[in-house]
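Please open the model in your viewer and keep the sequence panel beside it. The tour below moves from one selection to the next.

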Amino acid sequence: MRSICFYFQVHQPYRLKPYRFFEIGEDHHYWDDFSNRSIMRKVAEKCYLPMNRLLLELIEKYQGGFKVSFSLSGTILDQLEEYAPEVLESFQRLVATGHVELLNETYAHSLCALKSESEFRDMVGKHQTRIKELFNGYTPKVFRNTELIYSDKIGKMVYDLGFEGILTEGAKHILGWKSPNYVYVNALEPKLKVLLKNFRLSDDIAFRFGEPKWSDYPLTTEKFVSWINQIPQSDEVLNLFMDYETFGEHQWAETGIFEFMRHLPEAVFASSDFGFATPSEVISQVSPVGMIHVPTPISWADEERDLTAWLGNDLQDEAFDKLYQLEAQVKRSKDPEIHRDWNYLQTSDHFYYMCTKFFSDGDIHAYFSPYESPYEAFINYMNVLSDFILRLKQEEESAVAVV
């Protein structure tokens, strides 16, 4: 039986409050507590709670025949503990069924794999610790980097940390004539298995489902299963990767997205030769067909499937470089609040808000940003970073004075 591998990213950033120039050196609290709480409560009610209930029903109905996987960023785990503990408990119930796999990622959903291998190791370790704390000692076997960012080098780093597999995007410019519906291996370390997102079928659910102007609207389970039945018999796995907020937040309940998911397993079992599997099951049961060579990092964002959603313009690059120039100083710090803020300042969303793309991708960036413009996002972030730098300097001067 061939496998459908459902993977959901679950992430919310700690959003910065409006932070003015004259607050530098005066106010060391950077986070918009009201927005973070209100957004978490809204998404919890619209997405996390109803979707978790639905997945639990499906797992129980099909007695383990239906399976999914999640990566929950450290920032969302922290916010769930603080603002929505009942959602965290519902994730814990799902994992306790034994039919839900948790993946490792960077604790702060950061871009550190692109800048600092030592910080990458630290971030992965922090996330491992957090997962063990909250999910009864659970130890993930498969890795999913922030925004599916991957390259041969990143894959080698992930293997060296002890992981058996990694998820990434089935980018057209990397695959060429190849299909994403196979298991591949890393070009530098063939023992690391690589699962590639089938972006067309994933995005039919994640982006096009509720769009009346779409030529295939409305998307029914019967139609979707007819599409997966068109996948060549030799293709062994269909990887459907998407944001968890697809369900109820990006695609509202009124679109029928919950009912689509409710009836999808039944349609798959009745009318196809597919079943459901977790990433670790896929990499242990399906033999790789060859290596996938990714010399330049890819991601699952925008039409280009590259890094330009987060890095590449002057605003993003200046903020990113300035942040990671502080790594050694932060590592020397004894202040837990500095370490907390360092983690949260690394979250990729801050750089996403600085993206200056236009046209269709620009519309998507604007939808997710709390700022009026990328320039406002940059100025706000750099004001915060200026205060953060002052705190580091003051701590080091105090330590020298004591000596």
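The model is predicted, so local features are given only where pLDDT is at least 70 and side-chain atom pairs only at pLDDT 80 or more, while totals for chains, interfaces and linings use all residues. Residues are numbered from 1 along each chain as its sequence is written, and side-chain values use heavy atoms, with hydrogens and water left out.

Begin with the open sheet of 5 strands, whose order is S4-S5-S7-S6-S10 with mixed pairing; strands here are DSSP runs of E with at least two residues, helices are runs of H or I with at least four, and both are numbered from the N terminus. Two strands pair if DSSP finds at least two bridges between them. Select S4 (142–144) and S10 (291–292) at the edges: each has a single partner strand, so one side of each lacks a neighbour in the sheet. S4 runs parallel to S5 (residues 165–169), joined by 3 bridges, and Phe143 has Ile166 as its bridge partner in S5.

Next, select S8 (residues 237–243), where 6 of 7 residues are buried, meaning under 20% relative accessible area with a 1.4 Å probe and protein chains only, whereas exposed is over 50% and partly exposed lies in between. Strand S1 (residues 2–10) runs parallel to S8 through 7 bridges, and Ser3 is bridged to Val237.

Now move to Leu103, in the loop between strand S3 (100–102) and helix H4 (117–134). Is Leu103 buried or exposed? Its relative accessibility is 0%, so Leu103 counts as buried. Leaving aside residues up to four places away in sequence, its contacts (heavy atoms within 4.5 Å) include Tyr7, His127, Arg144 and Pro279. Staying with Arg144, find its charged end over the ring of Trp300, 5.0 Å from the centre; this requires NZ of Lys or CZ of Arg within 6 Å of the ring centre and within 35 degrees of the ring normal.

Finish with the cysteines: Cys112 is buried at 0%, and Cys355 is buried at 7%. The whole structure holds 0 disulfides, defined as pairs of cysteine sulfur atoms within 2.5 Å.
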